[in-house]
Amino acid sequence: MQFIREKLFCARPLRFLIAASLCTFLFLSNALPAAAVGGSDKGGTTLDQIVEKAEQVVKQEPRSMQEVQAEANKNTNSVQGSANKEKMEKSENSMSGPPMAKQANELVKEIKDSDYD
């Protein structure tokens, strides 16, 4: 019985150290979550530019279809401009497979051909 008491007595400082380090970790992870983010603010500036452009368009008169198409042809997207152009899905970086329209047409044909009882 004395052997068990000695082992438990020796484990108290270790249990205290583990509990203290766990409490410290929880406190720091709760108090400083933004410290882990770091990095640049490129996304924020791009978003600010998009918001400013959207506000300008809303304040103007409605644009003609030609103006909208000309603006869209300048960049990848008429709203975003060329933001995140490198992250967009392209034929080079997308999965190979039939186009969505072709898949939809095949599905419609299958539905038309099937018999309903």
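The following paragraphs go through the fold, the confidence and one surface feature of this predicted model.

The protein contains 4 helices and 0 strands. Read from the N terminus, its elements follow the order α-α-α-α. Helix 1 covers residues 2-31, helix 2 covers residues 42-59, and helix 4 covers residues 100-113.

Confidence comes next. The average pLDDT of the protein is 75, and 65% of the residues score at least 70. Among the elements, helix 2 has the lowest mean pLDDT, 78, while helix 4 has the highest, 85. Where pLDDT is low, the predicted coordinates should not be read in detail.

As for the surface, the protein has 117 residues, of which 3% are buried.

Leu 14 lies in helix 1. Leu 14 counts as exposed because its relative accessible area is 51%, and the cut-off for exposed is over 50%.

Definitions and conventions
Residues are numbered from 1 along each chain as its sequence is written. This is a predicted model: local features need pLDDT of at least 70, side-chain atom pairs count only at pLDDT 80 or more; totals for chains, interfaces and linings use all residues. Side-chain values use heavy atoms; hydrogens and water are left out. Helices (H or I, at least four residues) and strands (E, at least two) are DSSP runs, numbered from the N terminus. Buried means under 20% relative accessible area, exposed over 50%, partly exposed in between (1.4 Å probe, protein chains only). pLDDT is the predictor's confidence in each residue, from 0 to 100.
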